[in-house]
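Please have a look at it first, and then I will begin with a question.

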Amino acid sequence: MALPEPGAAWPPPQWSAYYAEMRLDDAWYSGDRMRLARLYSHSPRPAERRRLWGRRAAEQRVGRDHRLHVPLAGDIASTSADLLFADMPAVTVTDPATQARLDQLLDEGRAQQVLLGAAEQAAALSGAFLRITWDRDLAPRPLLSVVQPDAAIPEFRWGMLRAVNFWRELEGSTSGTTWRHIERHEPGRIVHALYQGSGNNIGRAVPLTEHPETAELVDSLDADGVSITTGIPDLTAVYVPNMTPNRSHRGSSLGRSDYAAPVYDLFDALDETWTSWMRDIRLARARLIVPDGYLRSEGTGNGASFDEDREVWASLRIPPNEGAGITLAQFAIRVEEHARTAEATMRQAAQAAGYSPQSFGLDGPGQPVTATEVDSRDQRSMVTRKKKAGHWRYGLADILHVMLQLDAVQFGQRIAPERPAVEFGDGVAESEQATATTLDLLNRAGAVSTSTKVKILHPEWDDTAVEAEVAAILAETGAAAPDPVGTFPVTLAS
């Protein structure tokens with residue numbers, strides 16, 4: 001599709017099923033109890049309304065809602081992002097000048113922080129769009145930004161993104177009027193349009209000057225008044241799926257959420273368990289049941305009270321066989337049952353989402369372990385990380401190639417743009433003790449050179465630094481080869 005036709009339904013009907021699933025994913029990811037309650041209590045399916053967050057009990061309607069939410073969905077998305085971008089992947093090109101400029105762009109653009117946020121939201125919402133734009137008043141360089149899939153209408157051909165409409169609702173929208181800005185990315189240009197419509201209708205196209213948030217774009221437009229020529233042939237946006245394939249929509253080019261196992265039943269069961277646990281604690285609070293004779297009147301209309309600190313009471317005319325003393329009411333708290341149920345539910349949810357329970361602090365023995373043991377226990381998480389890294393490696397390389405091209409065309413940088421190589425690390429860092437043990441064993445076996453040992457110990461060093469360190473080690477240990485010629489030329493005494 002090109003720009004939306006005036007009066008068309010919005011979002012487009014063919015995307016309604018995708019957007020409905022994203023709203024469900026987003027509600028769990030947000031951890032907002034009110035959003036979960038609204039979503040499930042208004043669900044058209046009765047089974048959904050019978051969930052914990054779909055119930056509408058009397059005490060919940062008067063403001064005493066004791067339901068408890070455990071933000072496991074947010075933890076899953078955060079863990080996914082940490083596994084991918086807690087350490088920035090290596091991004092390299094062959095040209096030294098281009099590499100220096102690329103490093104500067106990544107550093108000044110806070111690329112790692114941007115990618116951490118993108119990966120976390122992609123894990124929850126099935127994927128993310130990476131976009132390159134520029135604002136000369138803000139920064140003299142291209143800008144890397146993220147657009148969520150529930151704010152995009154992409155167009156795929158043979159599984160490849162060929163165009164995309166990004167949209168957002170602008171400030172000033174009311175229940176009767178909704179302002180929407182459409183930003184369409186095509187190969188070689190970016191098109192902007194402003195629509196005035198309603199909540200479910202795109203409405204009519206109006207000039208960009210009709211809204212203050214889009215009026216500032218007019219000065220940047222080409223002569224046609226709607227588009228900006230990028231000066232490069234590539235699309236200035238890429239789509240990175242979280243995981244593939246999409247099980248609900250076979251044949252779709254969109255990814256799937258980590259929650260699409262589906263894990264919603266387990267999320268709801270976990271909240272049910274913790275709500276029941278907290279209910280036991282509330283009901284188990286110690287309460288005293290006392291006869292009327294132990295109560296002190298506070299006057300007409302003010303009721304009566306019991307003074308628990310009073311030591312002497314006046315004689316009460318109570319027959320001794322009526323057992324009208326003070327009774328303590330306190331119920332047991334089923335701690336073990338709730339704890340085991342909650343842990344089993346969390347473990348199953350983590351595994352269904354593609355992660356090892358160890359990644360969420362479950363099944364941990366409590367003593368220090370080596371990196372090899374961590375990798376073994378986190379094997380499922382590491383496999384999921386490698387799958388996702390494959391998607392991110394290609395998408396990130398494509399968008400950084402676009403960034404370098406725009407940097408040369410729009411900002412006059414004298415560089416040779418090329419598609420960079422993106423390589424993710426192992427994901428598990430060896431401890432210094434483990435590295436030293438490995439190097440010692442290799443050295444005893446005579447299977448490693450001094451240069452290789454230095455590279456293993458300092459993988460971030462370049463060849464010059466490695467050679468200098470090797471020379472220093474050989475000189476200190478006396479292992480440097482002596483000069484067979486000695487001092488040359490020899491000075492003869494006269």
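Predicted model: local features only at pLDDT ≥ 70, side-chain atom pairs only at ≥ 80, totals over all residues.

Which side chain meets that of Arg35 in a salt bridge? It is the side chain of Asp26, at 2.5 Å from N to O, where a salt bridge is a side-chain nitrogen of Lys or Arg within 4 Å of a carboxyl oxygen of Asp or Glu.

Residues are numbered from 1 along each chain as its sequence is written, and side-chain values use heavy atoms, with hydrogens and water left out.

The whole structure holds 19 salt bridges. One of them joins Glu108 to Arg141, with the closest N and O atoms 3.4 Å apart. Glu108 lies in helix 6 (residues 96-108) and Arg141 in the loop between strand 2 and strand 3 (142-147), so this pair ties together parts that are 33 residues apart in sequence. Helices (H or I, at least four residues) and strands (E, at least two) are DSSP runs, numbered from the N terminus. Here Glu108 is partly exposed, at 32%, whereas Arg141, at 13%, is buried. There is also a network of salt bridges that links Glu155, Arg162, Arg184, Glu186 and Arg189.

Let me turn to helix 10, which comprises residues 335-353. Within this helix, Arg347 and Glu343 lie four residues apart, about one turn, and they form a salt bridge whose closest N and O atoms are 2.9 Å apart. The buried residues of helix 10 are His338, Ala342, Thr345, Met346, Ala349, Ala350 and Ala353. They cover an arc of only 130° around the axis, which puts them on the same side of the helix, the arc being that of the directions from the helix axis to the C-beta atoms. The face turned away from this buried side carries the exposed residues Glu336 and Arg340. After the helix comes Gly354, with a positive phi near 105°.

Finally, Trp167, in strand 5 (residues 160-169), is buried at 16% relative accessible area.

Note on methods. Expected span 1.5 Å × (residues − 1). Buried < 20%, exposed > 50% of the residue type's maximum accessible area, 1.4 Å probe, protein only.
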